[in-house]
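Trainee: I have this one open and would like to go through it piece by piece.

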Amino acid sequence: MSRIALIAQLTFHEARRRKIMWAAVLLGLAFLAIYALGLYFLRGEIITGMDQYPQGTLTAVNMLVMMALYAVNFLIIVMTVLTSVDTIAGEVASGAIHAIATKPIRRAEILLGKWLGFAVMLVLYATLMIGGVVLITRALTGYTPPNVLRGSLLMVLEGFIVLHLSLLGGTFLSTLANGVFVLGLFGVAFIGGWMEEFGSLMYNETVVNIGILSSLIMPSEAMWRWAAYLMQPPLLRTFNVSPFGSNAQPSLAMVAYTFAYLVAALAIAIRNFSRKDL
Amino acid sequence: MSASPAIETSGLRKEYGAKVAVADLSLTVQRGEIFGFLGPNGAGKTTAVKMLLGLIAPTAGAGRILGRPLSDIEVRRRIGFLPEHFRFYDWLTARELLRYHGKLLGMTDAACEKQIPELLEMVGLIHHADQRLKTFSKGMLQRVGLAQALLNDPELVFLDEPTSGLDPIGRRMVRDVIRHLRDKGCAVFLNSHLLGEVEITCDRVAFISEGVVVRTASLRQLIAGETTVHIRAAGVTPETLEGLKQWGREVRADGTYIHMVVDEEESLPAIANWIVANGARLYALTPERVSLEDLFMEVVGDTGEVK
Ligand SMILES: Nc1ncnc2c1ncn2[C@@H]1O[C@H](COP(=O)(O)OP(=O)(O)OP(=O)(O)O)[C@@H](O)[C@H]1O
Ligand SMILES: [Mg+2]
């Protein structure tokens, strides 16, 4: 087995052994069950509504799905931070890293192995949660938001931004400081996203630019806003100013920027860790 | 086996900001040699080992391990390391820990399955093999750490304070392990300040103080070498006294006492014979043994202050 895969396996083993996996899956299922239950009891109203005021009902159902996906988006981020925040920092603090880093394995391989483990967990969790919400909605109401695949990919991309930053922070911060670092950046992006949204609604360029700047520093919220934009019915896009929706135009340039951002964050993490005195 | 020494360094230096942890480490450890690295707290022992293992980057200097540069990854297949405070993921069992380390070392499953029970037996943990590390005591963790360091049948093992936290039985176990390694031709780099232990196990020692290797010597030289002898005897003639010079130097009479310095312990019976054969009455012949502890104090100073 390759050394990267071995470290990934250890990461997985830890998530299983420490019951992180179980807790995440069980509570994820609980989340989906509540959502399904609510939708199930609203089903009658939705079906009648679709006949009488199709436009308004569609909007309401979409709002409901977007609310659920917004919560899922937040859960993905928190789960990613919680599982990965301690990974390098904790091992450096405890000294466990000494026994690993003196084996025939490159530091880069250690970091990439961890990345692989967390990446697989992130994708699995996102698939369970986003897939669950979309399938439940479809099964109970027959409605599927537009562009659901592209939207989901953007949500997963947001998870990766957080993962990469958490791995990066772990190479030079303590566990706690790393948590503060990543969630703090997430906060910056969040408020910046709102500023951009309001700025564009009020045609205030300065405020929009503040938002764009914050998205460049931390593109996480921008990913959600584009995901939300894509998954809304076109009618809602122009007016919806709420965390569950967006009037922001997705731009390919920003997605390209995000990929470059991901690569850079991981590369700096590898460089930091490779040069770090352990 | 190739002729390259186990460890060879020249001018290794590590600075942490203004603090010089290791100033100039230049030493050679031969294959199969048990090398004791002695020094007071904060002298730079752990820092030296970490540089040799590539955990920290030297500020200056270079070194080779088993003939390969310090940054070489593959040479670590042939090296074992017990860190100063052995810690590992506490959610693993001892057996799982050893399996992961075996895989990290590139060992086959078959080799792991053969080695692991033997090592667990050797470090006295065979009955705790499937217990999670979080239930382990400090000494038990240290024992798994030792097993982990020996998994790959290494040619060179670094042990940083291997007996810390161990009970007397554990300490003896470590001594036996080191002897066993010596028999197999494995070189050992032993960091310690437990001098008795070093005295028993090491071939050669280096003293480090404030980041500088102040003395390196073979243990036989140190212990069985130059010895001051105090003799108490009556009826010693000047000729007898003169004759003592064939075994040593600085012969000096002081009443019924004679003091002299001999080059090796082996001369002591001959000296006793000489005195008696020349008609003097010998009451006492006492070699003043230099213990490693005396030497340690002499070499590193005994202020007891961490520098
Ligand atoms: N990461 C670090 N940052 C700053 N100084 C350090 C660091 N690590 C070690 N030092 C300093 O380097 C010196 C040598 O430390 P080292 O751990 O090598 O000592 P040691 O000989 O192993 O001591 P002990 O017997 O207590 O284990 C000490 O003065 C210590 O304060
Ligand atoms: Mg030390």
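Trainee: Which residues does A:H98 touch, leaving out those up to four places away in sequence?
Mentor: A:H98 touches A:L278, B:K50, B:L55, B:F81 and B:P83, where contact means heavy atoms within 4.5 Å. This is a predicted model, in which local features need pLDDT of at least 70 and side-chain atom pairs count only at pLDDT 80 or more, while totals for chains, interfaces and linings use all residues. Residues are numbered from 1 along each chain as its sequence is written, chains are lettered from A and ligands numbered from 1 in the order in which they are written, and side-chain values use heavy atoms, with hydrogens and water left out.

Trainee: And where is A:H98 placed? Buried or exposed?
Mentor: A:H98 is in helix α5 (residues 96-101) of chain A. Helices (H or I, at least four residues) and strands (E, at least two) are DSSP runs, numbered from the N terminus. A:H98 counts as buried because its relative accessibility is 13%; buried means under 20% relative accessible area, exposed over 50%, partly exposed in between (1.4 Å probe, protein chains only).

Trainee: Staying in chain A, at what angle do α2 and α3 pack?
Mentor: Helix α2(A) (residues 20-52) and helix α3(A) (residues 54-84) pack at about 175°, with axes 10 Å apart. Therefore α2(A) is roughly antiparallel to α3(A), a label for angles over 145 degrees, with under 35 roughly parallel, 65 to 115 roughly perpendicular and the rest oblique. Axes are lines fitted to C-alpha atoms, for helices over the stretch in contact, and angles run from 0 to 180 degrees between N-to-C directions. The contact includes A:F31 and A:Y35 of α2(A), and A:V61 and A:L64 of α3(A).

Trainee: Different topic. What coordinates the magnesium ion?
Mentor: B:T46 (OG1) and B:E84 (OE) coordinate the magnesium ion (ligand 2), at 1.9 to 2.3 Å. Donors are N, O and S atoms within 2.8 Å of the metal (3.2 Å for Na, K and Ca); water is not among the atoms, so sites may look incomplete.

Trainee: How many residues apart are B:T46 and B:E84?
Mentor: They are 38 residues apart: B:T46 is in helix α1 (residues 45-52) of chain B, and B:E84 is in the loop between β7(B) (79-82) and α2(B) (94-104). B:T46 is buried at 18% relative accessibility, whereas B:E84 is partly exposed at 27%.

Trainee: Now β10 of chain B. How many of its six residues are buried?
Mentor: Six of the six, so β10(B) is largely enclosed by the rest of the structure. B:R204, B:A206 and B:I208 point one way, and B:V205, B:F207 and B:S209 the other.

Trainee: What joins β10(B) to β11(B)?
Mentor: Six bridges, in an antiparallel run; two strands pair if DSSP finds at least two bridges between them. B:R204 stands opposite B:S218 of β11(B). With β4(B) (residues 34-38), β10(B) runs parallel, joined by four bridges, and there B:G36 faces B:V205.

Trainee: And how many residues lie between β10(B) and β11(B)?
Mentor: Two, which makes β10(B) and β11(B) a hairpin, with B:E210 in the turn. Phi of B:E210 is near 50°, a positive value in a residue other than glycine. At 47% relative accessibility, B:E210 is partly exposed.

Trainee: Last one. In what order do the strands of the four-stranded open sheet of chain B lie?
Mentor: β13-β14-β12-β15, with antiparallel pairing.
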